[in-house]
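Keep in mind that the model is a predicted one.

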Amino acid sequence: MHPTFEDLLGKITQRLSIRPEIVGDVLSRVMVAAPESVPRVDIAEGTMLARWSPPLSQATVSKITKELLEVNLITEEPARAERPGRPIVPLGLDRDHWGVLGIHVLHRRRRPVGLTGVLVNLRGDVLQTESVQLAPGHGQESVTGLVGKAAELAEDLIAKSGGREILGLGIEIGGHVHNGKVIESTNAGWSQVDFSVPLSERLKLPVVVENDASALAVWETYRHRYPERDMALVAVFDEGIGCGLIIDGRVYRGGHGMAAEIGHLTADCTLAPQRQRAPPGPSQRSRFKDPCPCGQYGHVDALATPARILGELGRSDLQEAANLPSHSREGKQTVAAQTFETAGTALGRGLTALLNIINPARI
């Protein structure tokens, strides 16, 4: 069996008598610079980071990169003469020895219905992709099914990895995630669920579970594309509105992983029901008048998503729905136009609340 990344990290920190956070910091700086290679001096200064980070000593970087080279996590690129003095030997992530697994959980009509798995090398090159369907289920039943299918999918991707050592598995999911545990997912009926422990025990790998919007926010946090240190990333998914909040250059999750979830803001109070409505059947799409997955009415999630727009219009393709005429020959606004206006207004109200309360520099 190949040694795990945690095994290698433990040996490196023991040999160098250095904290594992420092080793992780050096490796993460090389990762953030990817796919470009980066000189050791830039690793020490942290020039690739969008947010300020304390510089590391050249000696520390040299010691750690030597160890990372020996275990094939990084590799030396051809020397190049860019500055006065000796040619620079930049470092990059290794392409050939390690792999990383990722799994996306697909939800539809309040059920987890499928998994998409991907195997990439450390530079992000896609090596294998596979998808599997999940049996119908809800609550604990779907938890058991997802863990089993996710493990099988990961094992299948590992078997096709060509003998690569696997750094770990990341799972992104629609739901509130805090400290790796799914606090609540109204899309799947989950509450206080920990997928990482059973998967890690079965696969013998580190497993990280993350909210899908927060995963995107993590990505944006370490990029140079935007100079702002306070941002909000809003993602419109098929059946929900996700939000990742970045404050002072770091993802802010709140007390229980629910920070900035604008999907559950009330955008239309007039939709409060006189009596509880029966949920749509398995072959029916939810409409604006139907409750949000959390059970309340008039939420942004229930008005501003593609699934609700299609349900309201009785359509199955969003692009076709968007191409419908906005006005009749008599000049009157069509149902399609009214539907998109309702959805856009709801999303706008959610974004306005986000702006007023959080005051991010960019959305």
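**Exercise 1.** Determine which backbone atom the side chain of Asn 121 reaches, and whether Asn 121 counts as buried or exposed.

*Solution.* Begin with the side chain of Asn 121, which reaches the backbone nitrogen of Arg 123 at 2.9 Å. Then consider accessibility: because its relative accessibility is 4% and buried means under 20%, Asn 121 counts as buried. Finally, list its surroundings; when neighbours within four places in sequence are left aside, Asn 121 is in contact with Arg 95, Trp 98, Gly 99, Leu 127 and Arg 164.

**Exercise 2.** Find where Asn 72 and Asn 179 are placed, and work out how exposed Asn 72 and Asn 179 are.

*Solution.* Start from the backbone: phi of Asn 72 is near 65 degrees, while Asn 179 has a positive phi of about 55 degrees. For comparison, most residues other than glycine have a negative phi. Asn 72 sits in the loop between α4 (58-70) and β1 (74-76), and with a relative accessible area of 27% Asn 72 is partly exposed. Asn 179 belongs to the loop between β7 (176-178) and β8 (181-185), where, at 73% relative accessibility, Asn 179 counts as exposed.

**Exercise 3.** Identify the kind of peptide bond that joins Ala 34 and Pro 35, and locate Pro 35.

*Solution.* Read omega, which is about 10 degrees for the bond joining Ala 34 and Pro 35, a cis peptide bond. Most peptide bonds, by contrast, are trans. Pro 35 itself is found in the loop between α2 (20-33) and α3 (40-45).

Methods:
Residues are numbered from 1 along each chain as its sequence is written. This is a predicted model: local features need pLDDT of at least 70, side-chain atom pairs count only at pLDDT 80 or more; totals for chains, interfaces and linings use all residues. Side-chain values use heavy atoms; hydrogens and water are left out. Helices (H or I, at least four residues) and strands (E, at least two) are DSSP runs, numbered from the N terminus. Buried means under 20% relative accessible area, exposed over 50%, partly exposed in between (1.4 Å probe, protein chains only). A polar contact is a pair of N or O atoms within 3.5 Å; within protein, one must be able to donate a hydrogen and the other to accept it, and residues adjacent in sequence count only if both atoms are side-chain atoms. Contact means heavy atoms within 4.5 Å.
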